Amino acid sequence: MSSRMATPRPSSYRYKSEKRGMTYNIMLVGQSGLGRRTFLNTLCEREVISPPDAPNPETANVADPM
């Protein structure tokens, strides 16, 4: 009998990490429109960053009073 323990399947690591959660710090940089949000959401297989709310067209270009 070998003294080494059997290595769990990668799918069991995935299942356990989904149940307990994992913390990561990720910095994505790049120009606007390159797909940073899509890349991160695809990498995590869920919506981590939701799309920004569309601005209200009535107040979009109203200057703040000084």
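What percentage of the 66 residues in the protein chain do buried residues make up? Buried residues make up 5% of them, where buried means under 20% relative accessible area, exposed over 50%, and partly exposed in between (1.4 Å probe, protein chains only).

This is a predicted model, in which local features need pLDDT of at least 70 and side-chain atom pairs count only at pLDDT 80 or more, while totals for chains, interfaces and linings use all residues. Residues are numbered from 1 along each chain as its sequence is written, and side-chain values use heavy atoms, with hydrogens and water left out.

The protein chain has two helices and zero strands; these are DSSP runs numbered from the N terminus (helices H or I, at least four residues; strands E, at least two). Accessible areas come from the Shrake-Rupley method with a 1.4 Å probe, and for residues only the protein chains shown count as cover.

| Residue | Relative accessible area | Class |
|---|---|---|
| Asn-41 | 17% | buried |
| Arg-37 | 35% | partly exposed |
| Glu-45 | 56% | exposed |

Asn-41 is found in helix α2, which covers residues 36-44. Not counting residues up to four places away in sequence, Asn-41 touches Arg-46, Glu-47, Val-48 and Ile-49; contact means heavy atoms within 4.5 Å. Arg-37 also lies in helix α2. With neighbours within four places set aside, Arg-37 is in contact with Ile-49, Ser-50, Pro-51 and Pro-52. Arg-37 and Val-48 are eleven residues apart in sequence, and their C-alpha atoms are 8.3 Å apart.

Glu-45 belongs to the segment after α2. The phi of Glu-45 is near 60°, a positive value in a residue other than glycine. Most residues other than glycine have a negative phi.

A nonpolar surface patch is formed by Met-22, Tyr-24, Ile-26, Leu-28, Phe-39 and Leu-43, with about 640 Å² of accessible area together. Patch residues have over 30% relative accessible area and no salt bridge, and nonpolar side chains (Val, Leu, Ile, Met, Phe, Trp, Tyr) are joined within 5 Å, like charges within 9 Å. A salt bridge is a side-chain nitrogen of Lys or Arg within 4 Å of a carboxyl oxygen of Asp or Glu. Leu-43 is placed in helix α2.
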